[in-house]
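Work through the exercises below with the sequence and the structure side by side. Try each task before reading its solution.

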Amino acid sequence: MRQLSAFAAFWWDFVVGDDWRVAAGIVGALGLSALVAHHGFPAWWVLPAAVALVLAGSIARVVRARR
Amino acid sequence: MSAVTILFLAAFLACLVEMVEALTIVLAVGVVRGWRSPLMGVGAAVGVLAVIVAVLGPALRLVPVDTLRLVVGALLLAFGLQWLRKAILRAGGCKALHDEEEAFREGRAEAEAAGPARHQGIDWYSFTVAFKGVLLEGLEVAFIVVTFGGTQRRLDVTVVAAALALVVVLAAGLVIRAPLARVPENTIKFVVGLLLTTFGVFWAGEGTGVNWPGSDLALPVILAFLAVVAALLTRWLRDREYPLQPGAAA
């Protein structure tokens with residue numbers, strides 16, 4: 001059981017890392033991108049904008065935590 | 001800059017920086033406890049990594065390209081943003097820079113403190129430390145080689161890039177016999193984070209049905225946009241001063 005949880009923790013750290021909100025933001029952005037593209041609108045801007053926002057949000061949280 | 005050039009660069013730099021860290025671990029234990037066992041550990045780890053790439057790389061060809069791009073793109077986004085986030089925090093003075101000489105000193109002290117572990121002519125402490133170090137650092141490289149090569153159907157490019165980086169680091173390590181502290185690791189990690197995130201955006205976008213203006217020509221544009229965002233965030237952090245937390249250099 002301990003080995004199983006260590007294995008799961010390794011992969012969680014490998015893929016998700018320190019800030020799970022970044023991974024959650026990416027999943028949301030992918031959904032939005034698919035939705036916009038599915039309805040025939042240009043969707044090329046969604047992921048770059050989402051990545052910038054998610055990254056800025058994560059950095060801002062670190063800064064707030066340091067105050 | 002063509003897609004293949006960016007692909008090669010990403011695999012080469014990622015492998016280079018991870019192998020520099022693995023080299024430090026192997027050197028620290030080899031200098032103190034002898035070379036035979038750690039080198040056996042390195043060989044075993046490289047063998048495991050080669051099997052992972054040899055099995056998973058061709059297997060990815062069986063997955064439909066759109067599905068592959070969505071899954072790999074999403075993983076690369078998660079993975080690349082981790083690298084980029086850490087690189088920005090380091091460059092902005094919010095996290096301690098990775099220091100190979102410090103890592104070497106720590107590894108050497110641990111190797112000296114560890115008791116004898118020789119059995120059937122093998123020092124299992126040295127073997128395990130070297131095996132684990134190379135395997136863990138190499139897993140990220142194997143992931144990048146397999147996903148980049150598999151998704152772009154150019155596994156040959158990424159394998160050659162990673163092998164070349166491995167040869168460069170091994171040759172430098174043999175010549176210098178000291179941690180490669182002068183390699184600008186933190187800068188390289190910044191660039192690799194940008195490249196991973198760029199491909200993540202591009203492939204995940206294609207997987208969700210995005211038609212990129214200019215097709216592959218969108219790659220350098222995404223890269224430039226992310227570089228500007230990262231530079232702005234770094235500058236914003238540098239305008240503040242942070243007391244570094246002990247042990248934050250990982």
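**Exercise 1.** Leaving aside neighbours within four places in sequence, which residues is Met19(B) in contact with?

*Solution.* Begin with the conventions. The model is predicted, so to speak of a local feature a pLDDT of at least 70 is needed, and side-chain atom pairs count only at pLDDT 80 or more, while totals for chains, interfaces and linings use all residues. Residues are numbered from 1 along each chain as its sequence is written, and chains are lettered from A and ligands numbered from 1 in the order in which they are written.

Step 1: Two residues are in contact if their C-beta atoms, placed from the backbone, lie within 7 Å.

Step 2: locate the residue. Met19(B) sits in helix α1 of chain B; helices here are DSSP runs of H or I with at least four residues, strands are runs of E with at least two, and both are numbered from the N terminus.

Step 3: list the partners. They are Glu137(B), Ala165(B), Leu166(B) and Val169(B).

Step 4: check a separation along the chain. Gly133(B) is 114 residues from Met19(B) in sequence, and their C-alpha atoms are separated by 9.6 Å.

**Exercise 2.** Is Met19(B) buried or exposed, and why?

*Solution.* Step 1: apply the cut-offs. A residue is buried if 20 or more other C-beta atoms, placed from the backbone, lie within 10 Å of its own, exposed if 12 or fewer, and partly exposed in between.

Step 1: count. Met19(B) is buried because it has 26 C-beta neighbours inside 10 Å.

Step 2: In α1(B), 23 of the 31 residues are buried, so by definition they reach the neighbour count of 20 or more. From its first C-alpha to its last, α1(B) reaches 45 Å, close to the 45 Å expected at 1.5 Å a residue; the expected span is 1.5 Å times one less than the number of residues. Just after α1(B), Gly34(B) takes a positive phi of about 95°.

**Exercise 3.** Which residues touch the most other members of the largest nonpolar core?

*Solution.* Step 1: define the set. A nonpolar core is a set of buried Ala, Val, Leu, Ile, Met, Phe, Trp, Tyr and Cys residues joined through C-beta atoms within 7 Å.

Step 1: The largest core has 95 residues, and Ala10(B), Ala11(B) and Cys15(B) touch the most other members. The element that gives the most to this core is α1(B), with 18 residues.

Step 2: follow one of these residues. Not counting residues up to four places away in sequence, Ala11(B) touches Ile144(B), Val145(B), Phe148(B), Thr158(B), Ala161(B) and Ala162(B).

**Exercise 4.** What covers the buried residues of α2(B)?

*Solution.* Step 1: identify the buried residues. In α2(B) they are Ser37(B), Pro38(B), Gly41(B), Val42(B), Ala45(B), Leu49(B) and Val53(B).

Step 1: name the cover. It includes α1 (3-33), β2 (122-123), α5 (124-151) and α6 (155-176) of chain B.

Step 2: check the helix length. The 24 residues of α2(B), 36-59, should span 34 Å at 1.5 Å a residue, and the end C-alpha atoms are 35 Å apart, which agrees.

**Exercise 5.** Which element gives the most to the side of chain A that touches chain B?

*Solution.* Step 1: take the totals. In this interface, 26 residues of chain A are in contact with 29 residues of chain B.

Step 1: assign them to elements. On the chain A side, α2 (20-38) and α3 (46-66) each supply at least two residues, and α3(A) gives the most, with twelve.

Step 2: sort by class. This side of chain A has 20 nonpolar, four polar and two charged residues. Here Ala, Val, Leu, Ile, Met, Phe, Trp, Tyr, Cys and Pro count as nonpolar, Asp, Glu, Lys and Arg as charged, and the others, Gly among them, as polar.

**Exercise 6.** Where in chain B is confidence lowest, and where is it highest, among its helices and strands?

*Solution.* Step 1: start from the scale and the mean. The predictor's confidence in each residue, pLDDT, runs from 0 to 100; chain B has a mean of 86, and 95% of its residues reach 70 or more.

Step 1: compare elements. Strand β1 (residues 118-119) of chain B is lowest, at a mean of 73, and helix α8 (residues 218-238) of chain B is highest, at 94.

Step 2: Where pLDDT is low, the predicted coordinates should not be read in detail.
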